Amino acid sequence: MYITITSLKLKNIWKFFSLANHALSITKQLKKEQGFLNYKKTGIGLTHYTLSVWENLEDLKRFSKSGAHLNAMKISKDIAAEINTYTYESNDIPNWNAAKELLEKNGKKLVL
């Protein structure tokens with residue numbers, strides 16, 4: 001399985017409404033995607049996290065560059081101050097503490 005962990009730090013709390021709107025569309029897209037296995041999210045205030053699980057890297061990459069996810073990526077600089085992402089292969093889905101630690105240690109951080 002391939003796991004992608006992402007954190008997004010909002011520019012301000014009012015950007016949460018835009019984030020939530022895009023997250024709803026992305027969640028709908030996820031449920032229709034080939035190779036998609038699982039998804040969870042958490043967050044409060046300015047920092048929000050997602051974790052998605054995929055059968056293979058090709059399906060993950062196709063999803064990330066299409067549909068609602070692509071639309072959200074295009075406006076990410078308007079709502080986020082920073083995005084951090086990490087994708088890796090594993091047989092186990094991490095809990096949130098482990099996922100956040102992996103992201104902090106190995107993630108690719110984009111300051112927008």
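Before I start, residues are numbered from 1 along each chain as its sequence is written, and side-chain values use heavy atoms, with hydrogens and water left out. Because this is a prediction, local features need pLDDT of at least 70 and side-chain atom pairs count only at pLDDT 80 or more, while totals for chains, interfaces and linings use all residues.

Let me begin with the helices, which are DSSP runs of H or I with at least four residues, strands being runs of E with at least two, numbered from the N terminus. Helix α1 (residues 16-32) packs with helix α3 (residues 67-79) at an angle of about 160°, their axes lying 9 Å apart, where axes are lines fitted to C-alpha atoms over the stretch in contact and angles run from 0 to 180 degrees between N-to-C directions. The two are therefore roughly antiparallel, a word used for angles over 145 degrees.

Finally, W96 lies in helix α4 and, at 19% relative accessibility, counts as buried, meaning under 20% relative accessible area with a 1.4 Å probe and protein chains only. In sequence W96 and I5 are 91 residues apart, yet their C-alpha atoms are 9.7 Å apart in space.

How values were computed:
Parallel < 35°, antiparallel > 145°, perpendicular 65-115°, else oblique. Buried < 20%, exposed > 50% of the residue type's maximum accessible area, 1.4 Å probe, protein only.
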